[in-house]
Amino acid sequence: MTLGWKKDRRLLLGICGGISAYKTPELVREFKKLGWEVETVLTTAAERFVSPLVISTLSGRRAWLEEDFLSREEGWKIPHINLVEWADVTLIAPATASFLHKAAWGDASDILSASILASKKPVLIFPAMNVFMWGHCAVRENVHRCRELGYGVFEPEEGFLACGYEGKGRLPSPGVIREEVLRTLEPTKDMKGTRVLITSGPTREAIDPVRFISNYSSGKMGASLARTSWYRGAEVTMITGPSQEPPPHGSRVINVVSAEEMYETAMSEAPSQDIIVMAAAVGDFRPSSFSKDKIKRKGEKSFILEMKQNRDIAAALGAARKPGQFLVGFAAETGNAMENAREKLEKKKLDQIVVNEVSGPEGAFGSDRNSVRILDSGGELFSSEGSKDEVAEAIWDAVAQGRKDHGQ
Ligand code: CTP
């Protein structure tokens, strides 16, 4: 399984003249890192905020400027038509109030606004401006009109603005914009209207105020599952233990620390979910007692820590499952993988189980790649090897298949 839809795509980036144009070189790099081709158009005002040479050096192509529009030298290339025909998606970031006005009223008096009029592909607009400009009813009406015309207009982020005010008006980070573009291009929207709960990451079991027991889980597999199901249209909640992974954009993320906390949160979130995937590496044991004071060496040569078992979240969810709910677990194994996984599938009353080897240099913990086999009570359904996003896609394909077989 490969993420074919993500590969070799073509992006047209239109940059308008707002202070947040300073973020656009990073934005170009974000898409170049995906291996995409990027064409850029800068309005006259944009050239005051960001150098066309920076943009064209990073994109590896010329930056199209207002002076190219209908010009004697470049006009015959009809950039405002050919660029949108070439691109799979057009992104305007940042979009100014003037650009929104032109887009809302079909004004084609400059290269960028003429381009989007000619586009038959998705056009995503990320406005950024002063908080009062954004709130002005003229801008609100233009945003509304743009949305009615079928343009994707995204809300600016709240925060500190270059004009000195605080409020809504910031351009989202390049990573957030990348995620929205990817979601637009993902062709499978088979999870639309589906509510998905994912447990992710390690848990930490406290020993005393400065020490804990945990495991090597990075939370990458859970984040990939969250991202890819959100691309496919799902409404995603992720319960995660402490992880270095950035929270996946688009998902509701609930942070927990211990296995018991994850248990309580999962049990209260579960009843409203259609699909639950338990990717967390839950600590099986916690210290029998928590020492309020730091445990001292006191000259001791050894130290025995007594542990007691944590509750099994997957088994509890399996026992409390509501009709129609689909449950998927993971089996982290270092040997006898298939047999152990089959046992877990049955014991925890799961619909499917994803088996992965976690030992050795190729082990899944911390790695960007994974290699899994997906089982149900009838046997092996799929196997998948690749990036964690690719493996996550295969898991959602298996879930779709499983739900179909169950008539869901
Ligand atoms: N799991 C859970 N709660 C626990 C332990 C595990 O929800 N307290 C879930 C994991 O998220 C995974 C599945 O159960 O989806 C299997 O986890 P794994 O660690 O492979 O197995 P364990 O049940 O812990 O069994 P063992 O330690 O014997 O391998």
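A polar side-chain atom of Asp284 lies 2.9 Å from an oxygen atom of the ligand, a polar contact in the sense of a pair of N or O atoms within 3.5 Å.

The model is predicted: local features need pLDDT of at least 70 and side-chain atom pairs pLDDT 80 or more, while totals for chains, interfaces and linings use all residues. Residues are numbered from 1 along each chain as its sequence is written, and side-chain values use heavy atoms, with hydrogens and water left out.

The shell around the ligand has 14 residues, and those that come nearest are Met278, Ala280, Ala314, Lys344 and Lys348; a residue belongs here if one of its heavy atoms lies within 4 Å. Eight of the shell residues are nonpolar, one is polar and five are charged. In this division Ala, Val, Leu, Ile, Met, Phe, Trp, Tyr, Cys and Pro are nonpolar, Asp, Glu, Lys and Arg are charged, and the others, Gly among them, are polar. Strand E17 gives the largest share of the shell, four residues. Helices (H or I, at least four residues) and strands (E, at least two) are DSSP runs, numbered from the N terminus.

Where does the ligand sit? The space it takes is the largest pocket, given that more than half of its atoms lie within 2 Å of the pocket's grid points. A pocket is an open set of points on a 1 Å grid over the protein atoms alone, where a 1.4 Å probe fits, with protein on both sides within 12 Å along at least five of seven lines; lining residues have an atom within 4 Å of a point. The largest pocket holds about 990 Å³ of space, a volume filled by probe spheres set on points joined across faces, edges and corners. Of its 43 lining residues, Ala280, Ala281, Val282, Asp284 and Phe330 are closest to the centre. The lining divides into 18 nonpolar, 16 polar and nine charged residues.

How values were computed: A polar contact is a pair of N or O atoms within 3.5 Å; within protein, one must be able to donate a hydrogen and the other to accept it, and residues adjacent in sequence count only if both atoms are side-chain atoms.
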